[in-house]
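Please look through the points below with the model open beside you.

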Amino acid sequence: SLKAQRLITTVTSSLDNAAVQDLDSTPLDLFNPGTGFIVIPIAVTIVTTYGASIEASNNHLYIGYDSSQTVVYWDNVSRFMGGIGTSNAYVLSGGVPTAKGVNPASIINHPFVMWSNAAFDGGWSCDVYVTYCYTKVL
């Protein structure tokens, strides 16, 4: 039977500039499905707000299940906000995974997270909208 908790829903998170610059060491937990469930992501929308300095780091933003990875993930943006001096928006719907898939292990009980490969250095913040459903594992 269908339960309301498993309908398509959207959760939001806001990151100030300090949190953005810290995504490499403190990944953002977008949604944790709990024991016995898996997250089924549909889309992630990131709305950035430009503040002061232009992003010059050329670092990548990743979204997936294991923040220690830069090879297997649900989606990524190369050179995120690189050279952009205005507010911007990104809509991600899951890239084509490599032969290794989206996680090097099971996605059961794994939170859906956002991280970077190194520290960002620009003066921007962002709001993240994650549209997903989740389901109990058989």
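1. Of the contacts in the protein with a separation of 6 or more, 85% come from residues 24 or more positions apart, where contact means heavy atoms within 4.5 Å. This is a predicted model, in which local features need pLDDT of at least 70 and side-chain atom pairs count only at pLDDT 80 or more, while totals for chains, interfaces and linings use all residues. Residues are numbered from 1 along each chain as its sequence is written, and side-chain values use heavy atoms, with hydrogens and water left out.

2. The protein has one helix and eight strands, and from the N terminus on these elements follow the order β-α-β-β-β-β-β-β-β. Helices (H or I, at least four residues) and strands (E, at least two) are DSSP runs, numbered from the N terminus. The radius of gyration is 15 Å, close to the 14 Å that the globule rule gives for 138 residues, so the protein is as compact as a globular protein of that length; the radius is taken over C-alpha atoms, and the rule is 2.2 Å times the number of residues to the power 0.38.

3. Taken along the principal axes, the box that the C-alpha atoms fill is roughly 50 × 30 × 25 Å. Of the 138 residues, 36% count as buried, a class that means under 20% relative accessible area, with exposed meaning over 50% and partly exposed lying in between (1.4 Å probe, protein chains only). The protein exposes about 6900 Å², and carbon and sulfur atoms supply 55% of this area, as computed by the Shrake-Rupley method with a 1.4 Å probe.

4. Strand 2 is joined to strand 7 (residues 112-116) by three bridges in the antiparallel sense, and Asp29 has Val113 as its bridge partner in strand 7.

5. Which residues have the most contacts inside the largest nonpolar core? They are Ile46, Ile63, Phe80, Phe112, Met114 and Val128, in a core of 28 residues; such a core is a set of buried Ala, Val, Leu, Ile, Met, Phe, Trp, Tyr and Cys residues joined through side-chain atoms within 4.5 Å. The elements that give two or more residues to this core are strand 2, strand 3 (37-50), strand 4 (61-64), strand 6 (88-92), strand 7 and strand 8 (124-136). Strand 8 gives the most, with six residues.

6. Val128 deserves a separate look. Leaving aside its neighbours within four places in sequence, Val128 is in contact with residues including Val11, Leu15, Leu28, Leu30, Val44, Ile46 and Met114.

7. Asn32 lies in the loop between strand 2 and strand 3 and is partly exposed, with a relative accessible area of 44%. Its C-alpha atom is separated by 7.6 Å from that of Asn109, 77 residues apart along the chain. Apart from neighbours within four places in sequence, Asn32 is in contact with Asn109 and Pro111.

8. Asn58, in the loop between strand 3 and strand 4, has a positive phi of about 60° although it is not a glycine, and its relative accessible area of 36% makes it partly exposed. Arg79, in the loop between strand 5 and strand 6, has a positive phi near 55° and counts as partly exposed at 49% relative accessibility.

Note on methods:
Pairing = 2+ DSSP bridges.
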